[in-house]
Amino acid sequence: MRTIWLSFLLYTAVAAASGQALAGETRARQILDRFEHANQWRDHVMVAAHRAGSMQAGKTLYAENSIAAVEGSIAMGAEIVEVDIRRSKDGELVVMHDSWLDRTTTCKGEVVKYTLAELKTCRLVVEGTGAATGETVSTLREMLMATRDRILINLDNKLDVGALPGMIAVARDLGMAEQVIVKENLWNSQRISTVKAAMETIGGGFQFMPIIADDAVHDAGFAGTVDRAFSPRAIELINWRAGAETLTETGGPLFSTRMRAAAVRGNWHIWADTYAIANKPGGFLAGGRGDELAVQASLPRESWGFWADRGATIIQTDEPKAAIDWLAANGFRVPYADEARPVEPANTASIN
């Protein structure tokens with residue numbers, strides 16, 4: 001059984017051997033080392049804060065996709081923030097999940113019908129309370145500047161594949177392309193070819209993460225094809241829960257021993273999603289074993305622990321603080337260089 005003590009020993013040994021996690025490194029560089037070397041960090045589960053980490057302990061603390069939420073996620077120790085990207089009427093890349101502004105801002109109507117200047121008059125709203133914040137819609141550049149050298153950022157492209165080069169261009173201009181993760185759904189060979197062509201036009205220097213869902217892909221062997229095409233450092237796997245059926249016992253065809261073996265061979269992370277989706281069954285992307293089970297039902301072992309036991313080394317959640325706390329307390333988190341502290345030995349009597 002993994003323990004915090006054993007994880008600490010593993011951390012110190014690997015850090016010494018690799019020369020990584022030095023005091024002079026940025027936090028993002030330390031996180032990136034773990035992201036890029038999955039096999040060295042199988043005993044550590046990274047946490048990705050969904051929509052920048054707006055939800056915690058069942059209550060909305062921040063507006064989603066806000067810089068305030070990003071700051072909160074950084075403070076609690078999350079490794080990745082996920083934000084959503086759309087385009088304004090005048091072509092600016094902006095951070096917004098919905099195609100309409102009504103739910104998350106003080107404005108009404110479609111994002112694409114507002115210029116950037118007009119979007120800057122829309123104040124973000126804390127959904128759970130309805131309170132308007134002082135923060136307005138962010139541009140992609142503003143969001144990247146808030147995360148640079150502090151945390152990795154996962155861009156969820158709400159446009160088409162053709163928008164990806166523009167996103168990476170902004171990151172490159174800021175000198176932080178390697179800290180950016182972009183992702184696309186893959187389900188057959190034709191889709192792989194389409195996305196691969198788009199990736200080749202962009203060039204390298206950033207992180208591409210495929211998404212595979214078991215509504216379309218039922219064979220873990222597909223991940224091998226994806227690995228050969230993209231050599232990703234992580235693959236996002238989805239176990240759909242379409243209705244109110246019982247909780248998954250296995251994680252479905254994608255969370256299999258064969259998939260875990262493929263992840264080890266390819267040196268990539270298995271990324272699981274436990275966050276909630278409005279108007280969908282609990283754990284919709286996680287076979288029922290989502291954040292609701294962990295927090296509302298107080299069964300984190302049956303949610304985050306279940307996916308960690310099935311090889312997930314990255315979990316995307318609406319409850320980053322609760323997830324980090326539980327994972328750390330149960331030996332699934334290895335301290336970073338700026339977190340590690342000497343462990344005091346137990347107070348034992350000497351034996352003469």
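Biologist: How many bridges join strand S8 to S9, and in which sense do the two strands run?

Modeller: Happy to start there, with the caveat that this is a predicted model, in which local features need pLDDT of at least 70, side-chain atom pairs count only at pLDDT 80 or more, and totals for chains, interfaces and linings use all residues. Residues are numbered from 1 along each chain as its sequence is written, and side-chain values use heavy atoms, with hydrogens and water left out. Strands (E, at least two residues) and helices (H or I, at least four) are DSSP runs numbered from the N terminus, and two strands pair if DSSP finds at least two bridges between them. Leu155 stands opposite Val182 in S9, and for S8 (residues 152–157) with S9 the answer is three bridges, parallel.

Biologist: Which helix joins S9 and S10 in a β-α-β unit?

Modeller: S9 pairs with strand S10 (residues 207–213) in the parallel sense through five bridges, and Asn185 stands opposite Ile211 in S10. The unit is right-handed: with the strands pointing away from the viewer, the path from the first strand over the helix to the second runs clockwise. S8, helix H6 (residues 164–173) and S9 also make a right-handed unit. For S9 and S10, the helix is H7 (residues 189–202).

Biologist: Why is strand S9 described as largely enclosed by the rest of the structure?

Modeller: Buried means under 20% relative accessible area, exposed over 50%, and partly exposed in between, using a 1.4 Å probe and protein chains only. Strand S9 spans residues 180–185 and is largely enclosed because the buried ones number five of the six.

Biologist: How many of the ten residues of helix H2 are buried?

Modeller: Helix H2 covers residues 27–36 and is mostly covered. Among its buried residues are Arg27, Asp33 and Arg34, along with Ile31, Leu32 and Phe35. The count of buried residues in H2 is eight.

Biologist: Which cysteine does Cys107 join in a disulfide?

Modeller: A disulfide is taken as a pair of cysteine sulfur atoms within 2.5 Å, and the count comes to one. The S to S distance is 2.1 Å, and the partner of Cys107 is Cys122.

Biologist: Is that disulfide left-handed or right-handed?

Modeller: Both Cys107 and Cys122 are buried. The torsion about their S-S bond is about -100°, so the disulfide is left-handed.

Biologist: Is Thr60 buried or exposed?

Modeller: Thr60 sits in strand S3 (residues 59–60). The relative accessibility of Thr60 is 16%, so it counts as buried.
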